[in-house]
Each structure stands twice: as structure tokens, then as C-alpha cells.
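Student: I have a model open and want to check its labels against the numbers. Can we go through them one at a time?

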Amino acid sequence: ETPDSQEVIFSYVGRVVPLKQPEVLLEIISELSQQSDLTPLLFLAGRVTDEYRKELQERAHALGIGSQLHLTGSLSPAEIGALYHRSTLYLSASQHEGRSNAVLEALAAGLPACLSDIPGHRELVSDGEQGILFSSDNPTEAAQRIHHLLKDTKTRQKLKTNAQQSVSHLTWETHAAAFQKLYQQALRRK
């Protein structure tokens, strides 16, 4: 179980741009700080302009979570792996995603993913199976669901296991075999 006084690390990896709605993540972190004695830390890893970095830092300070926001800039694959290893949950409030490599990597690392409820995220995560889906219009409700998940060790462990299993078939070998099968079928049709 997560004690109320523990620091909890949330990670996001990707471009840090308005389309990805990092402001919503800041609001969720602020709500979590107010709802409990947890100290949620948010690591936003990815390219960010100096102007947008300053805007996010100002917003975090206005929400009273300035010291809890960590804008790391771009990280190497090894650094991303280390971040995922230290993290409790993966967060994204993006307005639009395709098949997010960052979410796939987080799932492979065993991180339950707490994601905005959009088609690209629903393709990778079923609510309550590999993580949770939330409305980015309601950061308070998202924070409540995340807080409940943090307190429920058994469910969080189930989500971690499900997360890893859900992407375990996504290897170069399985993709190569699938393409080989497609090519062989196409050649037989000729």
C-alpha cells in the first residue's frame, strides 16, 4: 500500500506542446496534493520550447506545485527506461494520439497508464484493465480515480501485470513473422 506521506512519481514522455495538454496534468497533480498527504511529482520528458516551459512553470507555481514539476527536456532511451522504472504511473491528457510509442513503452515497463479518453488511447488501454481512462475536462475526477488507484495496491498490481501482458506480443520478431505471412499470402494469390 502507498503510505500517505510517500512521494509518488508520475511520468509523461513525448513532445511537451499544448495539444498534449500538460496543463491538465498540472491540475491533476495539484488536486492529488490537495486530496491527500501524497507528494506527487510530475516528470514531463520531451522537447519543449523555452516560452512554453516558462508558461508551464508559472502555471505550476500558481497551482502551488512548482517544486513538484520537473521538465527534463529530451531524454535518451536509457534515461527514459530509468524514469519509467522509478515511476508509479504514466500520465497523458493528450487531445489526439495515434498509436503512442511512449504509452506502449510505459506499458511494457509495467506502468499502469492513466490517459485521456481518446481513440488512440482506447486502442492501447481498456479502463480498469491496463490503467484508467479519464475525461481531460474533469481533472478533479481524474485525480480522485488516480488517488483511489494509488491506495489500492492489489488493483495497481493487476494493472501492472495486465499492462506488460498487453504489449508482450509486440516484438520485432512477431511483426516480421506477420509481414512474412502477408507477403507469402500475396505471392500465392499471384
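This is a predicted model: local features need pLDDT of at least 70, side-chain atom pairs count only at pLDDT 80 or more; totals for chains, interfaces and linings use all residues.

Student: Why are H6 and H7 called roughly perpendicular?

Tutor: Take the angle. H6 (residues 139–151) and H7 (residues 153–167) pack at about 95°. The class runs from 65 to 115 degrees. The angle falls inside, so H6 and H7 are roughly perpendicular. Their axes are 5 Å apart.

Student: Which residues make the contact of H6 with H7?

Tutor: From H6 come Leu149, Leu150 and Lys151. From H7 come Thr153, Thr155, Arg156 and Leu159. By class, that contact holds three nonpolar, two polar and two charged residues.

Student: What makes H1 and H2 roughly parallel?

Tutor: H1 (residues 22–35) packs on H2 (residues 50–62) at about 20°. The cut-off is under 35 degrees. The pair meets that cut-off, so H1 and H2 are roughly parallel. Here the axes are 10 Å apart, and H1 passes H2 in a right-handed crossing.

Student: Which residues of H1 and H2 make the contact?

Tutor: H1 supplies Pro22, Glu23, Leu26 and Glu27. H2 supplies Tyr52, Glu55, Leu56, Arg59 and Ala60. Five are nonpolar, four are charged and none is polar.

Student: Which residues of H4 and H7 touch?

Tutor: On the H4 side, Leu104, Leu107 and Ala108. On the H7 side, Ala163, Gln164, Ser166 and Val167. The classes are five nonpolar, two polar and no charged residues.

Student: Which residues of H4 are buried, and what do they pack against?

Tutor: In H4 (residues 101–108) the buried residues are Ala102, Val103, Leu104, Ala106 and Leu107. These pack against E1, H3 (77–86), E4 (89–92), E5 (113–116), H5 (119–122) and H7. Just after H4, Gly110 takes a positive phi of about 80°.

Student: How do you know that Gln21 is buried?

Tutor: Its relative accessible area is 13%. Buried means under 20%. The value is below the cut-off, so Gln21 counts as buried. Gln21 sits in the loop between E1 (7–13) and H1. Its phi is positive, about 55°, although Gln21 is not a glycine.

Student: Why is Leu170 called partly exposed?

Tutor: Leu170 has a relative accessible area of 27%. Buried needs under 20%, and exposed needs over 50%. Leu170 lies in between, so partly exposed is the label. Leu170 is in the loop between H7 and H8 (172–189). Its C-alpha atom is 9.1 Å from that of Leu104, 66 residues apart along the chain.

Student: Which residues have the most contacts inside the largest nonpolar core?

Tutor: Phe10, Ile28, Leu42, Leu44, Tyr90 and Ile146. The core has 54 residues. H1 gives the largest share, six residues.

Student: What does Ile146 touch?

Tutor: Leave out residues up to four places away in sequence. Then Ile146 touches Phe10, Ile28, Leu32, Leu89, Leu91, Cys114 and Ile132. As a general point, nonpolar side chains tend to be buried together in soluble globular proteins.

Conventions: Residues are numbered from 1 along each chain as its sequence is written. Side-chain values use heavy atoms; hydrogens and water are left out. Axes are lines fitted to C-alpha atoms, for helices over the stretch in contact, and angles run from 0 to 180 degrees between N-to-C directions. Helices (H or I, at least four residues) and strands (E, at least two) are DSSP runs, numbered from the N terminus. Angles under 35 degrees count as roughly parallel, over 145 as roughly antiparallel, 65 to 115 as roughly perpendicular and the rest as oblique. Contact means heavy atoms within 4.5 Å. Ala, Val, Leu, Ile, Met, Phe, Trp, Tyr, Cys and Pro count as nonpolar, Asp, Glu, Lys and Arg as charged, and the others, Gly among them, as polar. A crossing is left-handed if the near helix is turned anticlockwise from the far one by less than a right angle, and right-handed if clockwise. A nonpolar core is a set of buried Ala, Val, Leu, Ile, Met, Phe, Trp, Tyr and Cys residues joined through side-chain atoms within 4.5 Å. Buried means under 20% relative accessible area, exposed over 50%, partly exposed in between (1.4 Å probe, protein chains only).
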